[in-house]
Amino acid sequence: MSTALRSISSHDLNSFLASHELPEPAGAPHRSPAGMVGNTPVLWVGEPFNPSGRGFWAKLEGTNPGGLKDRPALHMVATARKRGDLAPGAPVIESTSGTLGLGLALAGITYGHPVTLVTDPGMEPLMVHQLRALGAHVDTVAEPHSVGGWQAARRQRVRELLAVQPSAWCPDQYNNPDNVASYASLALELVVQLGRIDVLVAAVGTGGHSAGIARTLRTFNPELKLVGVDSVNSTVFGQPAGPRLMRGLGSSIHPGNVDYAAFDEVHWVAPGEAVWTCRELARGHYTSGGWSVGAVALVANWLARTEPERTRIAAIFPDGVHRYWNSVYSDDYCRTHDLLHCFPAEAPNEIAHASEHAVEAWTRCTNITAPMVKTLDGAAR
């Protein structure tokens, strides 16, 4: 048993393990690509990215075959099959900006289901080619929805495809509780690897991994602080919607899986700030990723400087660098979108409420409430 695991009380550990299995040792041989999902490493991000003696632990989910969302894709498909919601060989149809698409392609190969992925023109050509190479059909919507933008347009297209394929099944990652439940394994891996965790920093898109990881970690440490990281122009926490360059975090709709009550604070980050952070991480630590990684690392870095000494911070890095060669790591792309030389401030701006004003740069709020939501038919909920 690891030193980190020994730091957890035997009562808490035994009660949790009554319904969960310990992760397998890393490096075990596998007969299926699905077996390579999980047991991802953690990396200390200290100097030079942080001051001497300060830093945070990064959970490198990009070392999964497809990334963070391999976990929910496999779990949602397996659970739907077990319940009888998804018949053997039936089609799987879902909306994605990319990473869940990779996970569903893996699930399709693993369980024998054809997969159709509905996306939009913002998906990187590399990702489109990769998904098609993995056997998925990629369906691209042409225009954003007038209310919910590209996400609403994609979901509308999913409904259209489901209507003409009665046997097909949609995971509905935005509202499916199995999405949240799938991250218990990741949380337990963190407990095995790090022991006590005081602060969790996670990007928020569908809300699945922030809710699922925090829920499990709080069985070991009820005082865990959950810090959400969103994109500017995202509606998740009540900011007004607007065009977003960053994919993988933020939303133009309000996913049901976002656990608003679980958050202690939320930060909004702008694209240029995420780009700067991604590149600094790559230079200093030989690890990085895409928009979500840059945004999460920026916030985790600030927390590492400002939280009390010996606060143990874990940050979730959802993917790696390869998908972003023509965006985050392309000078031409960044120059076109005015993202070069966007040095983040030393600390975030502060607002009292998400509705105070539209934010354009790194901003923090500690008063988190669920926004009033209007559905696409105009009703409030």
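Analyst: The following dialogue takes up these features in turn. This is a predicted model, in which local features need pLDDT of at least 70 and side-chain atom pairs count only at pLDDT 80 or more, while totals for chains, interfaces and linings use all residues. Residues are numbered from 1 along each chain as its sequence is written, and side-chain values use heavy atoms, with hydrogens and water left out.

User: How many aromatic pairs are there?

Analyst: Rings of Phe, Tyr and Trp (its six-membered ring) pair if their centres lie within 6.5 Å; planes under 30 degrees apart count as stacked, over 60 as edge-to-face and the rest as tilted. By this rule there are five aromatic pairs. In one of them, the ring centres of Phe 237 and Phe 263 are 5.2 Å apart and the planes stand at 90°, so the pair is edge-to-face. Phe 237, Tyr 260 and Phe 263 form one aromatic cluster.

User: Which parts does the pair of Phe 237 and Phe 263 tie together?

Analyst: Helices (H or I, at least four residues) and strands (E, at least two) are DSSP runs, numbered from the N terminus. Both Phe 237 and Phe 263 lie in the loop between strand E7 (225-231) and strand E8 (265-269), so the pair ties together parts that are 26 residues apart in sequence.

User: Is Phe 237 buried or exposed?

Analyst: Buried means under 20% relative accessible area, exposed over 50%, and partly exposed in between (1.4 Å probe, protein chains only). Phe 237 is buried, with a relative accessible area of 4%, and Phe 263 is buried at 7%.

User: What contacts does Arg 364 make?

Analyst: Contact means heavy atoms within 4.5 Å. Arg 364 lies in strand E11 and is buried, with a relative accessible area of 16%. Leaving aside neighbours within four places in sequence, its contacts include Glu 265, Trp 268 and Trp 302. A polar contact is a pair of N or O atoms within 3.5 Å; within protein, one must be able to donate a hydrogen and the other to accept it, and residues adjacent in sequence count only if both atoms are side-chain atoms. The side chains of Arg 364 and Glu 265 make such a contact (2.9 Å).

User: How many bridges join strand E4 to strand E5?

Analyst: Two strands pair if DSSP finds at least two bridges between them. Four bridges join E4 (residues 115-119) to E5 (residues 137-140), and the two strands run parallel. Val 118 has Asp 139 in E5 as its bridge partner.
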